[in-house]
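Visitor: Could you walk me through this one, starting with its rings and then its ligand?

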Amino acid sequence: MRNLLVTGGAGFIGSNFVHYMLEKHPNYRIIVYDKLTYAGRLENLERVTAHPHYAFVQGDICDMAKVRETILAYDIDTIVNFAAETHVDRSILDPDAFVKTDVYGSYVLCEVAKELKLERLHHISTDEVYGPIPQGAFRETDPFRPTSPYASSKAGGELLVLSYFITYGLPITITRGVNTYGPYQYPEKAMPLFITNALDDAPLPLYGDGLQVRDRLYVTDHASAVDVVLHHGQLGEAYNIAADCEKTNSEVARMIVQALDKPESLIQPVKDRAAHDVRYALDITKLRSLGWAPQVSFEQGFAQTIQWYVEHQDWWRPIKSGEYLEYYRRQYVER
Ligand code: NAD
Ligand code: DAU
């Protein structure tokens, strides 16, 4: 494993993974392949642009010819697939792109990986494929019961990846991560949306009663878990990634206004998300057996995240214009 194609590497977790890998494995070559949708940003990779072991290719994972050409041009042996449409609310408004990228795009990567006999296809999946769990935690063998078009497309893509292992012996691994937060997260997701709105004294739109529970994983812990599975995971296996750090949305919203010294009255309950999953939780016994454990506590990760958004207004302010404002109006104004 030396030449990695990181698809979706200009997004939130993908770019953090690229930073992490170039530091941890200085002899690896990392090629980012990204369509640069509204969520993909070259600014996220500015820190590594001049790195001798890094290159960027703009392309769609649904474009089989371009994926093949890129893999051959850079002598790629491993794909790590972060590329996806990722926002649940957008999948409820417009599922089309989710089915294309998250299902068909995953198929394209499997096909090319099979044809070119790559050493590994690692696929990034999500806890949302299992659906909600009121108590306890899902293990990797539990059935999928996704509820949103996003979660269902991710489930479809992941099942295709697994089928390529079972049917053709393609060397794959899969990780299913919980709700992840940290620097470079697009401010449509709850935590960066709440932080950036609070900084502007704008309302924090809390869906429903705000009592939905999410496990909160700091992004470098997500990256290190993928690294561990890439190197020590068993082929054909899926691994849950979690932080054991459950918080309700309401608790997080309150922590944000307190940290920024803003009034609690900024938190405004709004109409709930359709089919809003009340809680996700994953058992990580299997991943712990590979020697991985989360390193960043919520207090530490939360403080670092707040500080990053305070100090990087030049990153998020330009995003909050144009297409973003159009989406924001569609999503929130009628709420
Ligand atoms: P993101 O939306 O920030 O980034 C997605 C990236 O994929 C962007 O750079 C985008 O340009 C790129 N992309 C989208 N469609 C593409 C296509 N057709 N071809 C090539 N590139 C394309 O997402 P994220 O939050 O960083 O999530 C990354 C992965 O992790 C996704 O697969 C997501 O399902 C999964 N995941 C996310 C979380 C989370 O909490 N953010 C948790 C678990 C799993
Ligand atoms: O759990 C993993 C998933 O986490 C990933 O697979 C997804 O790609 C990622 O987007 C994230 O999904 P969520 O739906 O959990 O994230 P989001 O930030 O959209 O919402 C987190 C919680 O906050 C959720 O319960 C809905 C709520 N919420 C969200 C928004 C955008 C609000 O209350 N108000 C909001 O405005």
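Here is a short chat about aromatic rings and a ligand.

Guide: Before we start, this is a predicted model, where local features need pLDDT of at least 70, side-chain atom pairs count only at pLDDT 80 or more, and totals for chains, interfaces and linings use all residues. Residues are numbered from 1 along each chain as its sequence is written, chains are lettered from A and ligands numbered from 1 in the order in which they are written, and side-chain values use heavy atoms, with hydrogens and water left out.

Visitor: How are the rings of tyrosine 104 and tyrosine 107 arranged: stacked, tilted or edge-to-face?

Guide: Rings of Phe, Tyr and Trp (its six-membered ring) pair if their centres lie within 6.5 Å; planes under 30 degrees apart are stacked, over 60 edge-to-face, and the rest tilted. The structure has 19 aromatic pairs. In this one, the centres sit 5.3 Å apart with 50° between the planes, which makes the pair of tyrosine 104 and tyrosine 107 tilted.

Visitor: Which strands hold tyrosine 181 and tyrosine 218?

Guide: These two rings have centres 5.4 Å apart and planes at 65°, so they pair edge-to-face. Strands (E, at least two residues) and helices (H or I, at least four) are DSSP runs, numbered from the N terminus. The pair ties together parts 37 residues apart in sequence, because tyrosine 181 is in strand E7 and tyrosine 218 in strand E10.

Visitor: Is tyrosine 181 buried or exposed?

Guide: Buried means under 20% relative accessible area, exposed over 50%, and partly exposed in between (1.4 Å probe, protein chains only). Tyrosine 181 has 1% relative accessibility, so the label is buried.

Visitor: How much of ligand 2 does the protein bury?

Guide: Start with polar contacts, pairs of N or O atoms within 3.5 Å (within protein, one must be able to donate a hydrogen and the other to accept it, and residues adjacent in sequence count only if both atoms are side-chain atoms). An oxygen of ligand 2 lies 2.8 Å from a side-chain N or O atom of asparagine 179, and one is 2.7 Å from a polar backbone atom of alanine 190. Areas use the Shrake-Rupley method with a 1.4 Å probe, and for residues only the protein chains shown count as cover. Taken alone, ligand 2 exposes 690 Å², and the share that the protein buries is 94%.

Visitor: Which elements give two or more residues to the shell around ligand 2?

Guide: A residue is near a molecule or strand if one of its heavy atoms lies within 4 Å of it. Ligand 2 has 24 residues around it. The elements are helix H3, helix H6 and strand E8.
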